[in-house]
Amino acid sequence: MKKEEVGNCVSCENLSCLMKKNYAADNYATAVANRMVIECKKSQSFIIEGAPIHGMYFVYSGKAKITKSGYNGKEQILRLTGDGDIIGIRGYSSRKVYPIAATALEPTTLCYFPNKFFTNELQTNSTLTYDLMVFYAEELDKTEERVKKFAQMTVREKVVDSLLSIYERFGQDDEGLKLVLSRTDIANLAGTNSEQVIRVLMTLKNEGVINCEGKHILLKKVDLLRKEIQEYNY
DNA sequence: CCATTAAAGTGGT
DNA sequence: ACCACTTTAATGG
């Protein structure tokens with residue numbers, strides 16, 4: 001884990017960032033003074049499952065996966081994160097070690113806040129604390145939805161659901177979805193294996209619903225895909 | 001540029 | 001769903 005401290009912190013332009021949102025210009029300077037900017041290369045893990053909790057991260061730019069390792073070495077992707085997202089936010093439970101791992105999926109810049117600083121902020125800045133509570137509530141909601149989907153969806157539906165969640169979070173351009181994942185990563189997100197993902201992707205391609213060129217996946221008929229899983233959405 | 005490893009894809013059980 | 005295998009792509013020196 002390579003950490004690089006930047007002497008002169010660039011101003012955070014990311015308006016969805018929880019910190020930026022909850023600080024007036026003058027107080028924000030205090031936050032900036034306490035943060036550390038970390039540059040991550042692709043496939044670099046900046047949080048290791050089981051390592052002692054030391055602080056929390058915001059994604060300044062880039063993308064990362066949050067994972068938990070399973071029984072036979074297979075990992076489960078819990079969620080995907082991008083600009084403005086918070087990572088490592090369970091340092092406030094009684095746990096002393098991170099229950100998850102976080103790995104960059106592309107070159108990623110992180111804002112890091114040591115626990116000591118952030119704990120103090122939570123006790124003094126109630127809007128920040130409230131926003132964080134809303135985040136927790138939404139995460140719990142999403143997790144419960146996912147439990148239902150994992151139990152009830154077919155393999156095909158789980159893959160479709162995963163593709164749509166990537167589409168909704170990250171969008172797509174002419175090339176395809178803006179988050180490029182390996183088949184194995186898609187499988188670990190959907191709760192299947194890479195073979196099944198490969199087969200579902202090929203079927204969808206033959207049906208003309210998506211387009212695949214290497215790792216670039218383009219959703220051609222989003223409405224049709226949504227229709228396939230609509231009964232699972234509330 | 002080549003060598004080694006990782007990922008994609010296929011077919012059989 | 002799982003495993004074994006071939007082909008193809010990515011990585012690193």
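Before the first helix pair, one definition: the axes I will quote are lines fitted to C-alpha atoms, for helices over the stretch in contact, and the angles run from 0 to 180 degrees between N-to-C directions. Please also keep in mind that this is a predicted model.

With that in place, take helix H5, residues 155–170, and H7: the two pack at an angle of about 75°, and their axes are 10 Å apart. Angles of 65 to 115 degrees count as roughly perpendicular, so H5 is roughly perpendicular to H7. On the H5 side the contact is formed by Val155, Arg156, Val159, Val160 and Leu163. H7 contributes Gln196, Val197, Val200, Leu201, Thr203 and Leu204. Sorted by class, the residues in this contact are eight nonpolar, two polar and one charged.

The other pair is H6 with H7. Here the axes come within 8 Å and cross at roughly 100°, which makes H6 roughly perpendicular to H7 as well. From H6, the residues involved are Arg183, Thr184, Ile186 and Ala187. From H7, they are Ser194, Val197, Ile198 and Leu201. The contact of H6 with H7 has five nonpolar residues, two polar and one charged.

Stepping back to the whole chain: chain A is divided into domain 1, residues 18–139, and domain 2, residues 153–232. Taken over C-alpha atoms, the centres of domain 1 and domain 2 are separated by 27 Å. The domains do touch, with 11 residues of domain 1 in contact with 10 residues of domain 2.

Which residues surround DNA strand B? They are Ser182, Arg183, Thr184, Glu195, Ile198, Arg199, Met202 and Lys215. By class, that surface is two nonpolar, two polar and four charged residues. Helix H6, residues 183–190, and H7 each supply at least two residues of the surface near DNA strand B, and H7 gives the most, with four. Of the atoms of DNA strand B within 4 Å of the protein, 61% belong to sugar or phosphate, and the rest belong to bases.

An N or O atom in the side chain of Arg183 is 2.5 Å from a phosphate oxygen of DNA strand B. For Arg199, an N or O atom in the side chain is 2.4 Å from a base nitrogen of DNA strand B.

Around DNA strand C we find Val155, Thr192, Glu195, Gln196 and Arg199. Sugar and phosphate make up 44% of the atoms of DNA strand C that come within 4 Å of the protein. The residues of this surface are one nonpolar, two polar and two charged. Which helix provides the largest share of the surface near DNA strand C? That is H7, residues 194–206, with three residues.

A polar side-chain atom of Glu195 lies 2.6 Å from a base nitrogen of DNA strand C. For Gln196, a polar side-chain atom lies 2.7 Å from a phosphate oxygen of DNA strand C.

To close, back to H7: this helix gives the most to the surface near DNA strand B and the largest share of the surface near DNA strand C. I will stop there and take questions.

Methods:
Residues numbered from 1 in each chain as written. Chains lettered and ligands numbered in written order. Predicted model: local features only at pLDDT ≥ 70, side-chain atom pairs only at ≥ 80, totals over all residues. Heavy atoms only, no water. Near = heavy atom within 4 Å. Polar contact = N/O pair within 3.5 Å; in protein donor to acceptor, adjacent residues only side chain to side chain. Nonpolar A, V, L, I, M, F, W, Y, C, P; charged D, E, K, R; others polar. Parallel < 35°, antiparallel > 145°, perpendicular 65-115°, else oblique. Contact = heavy atoms within 4.5 Å. Domains from an automatic or database assignment.
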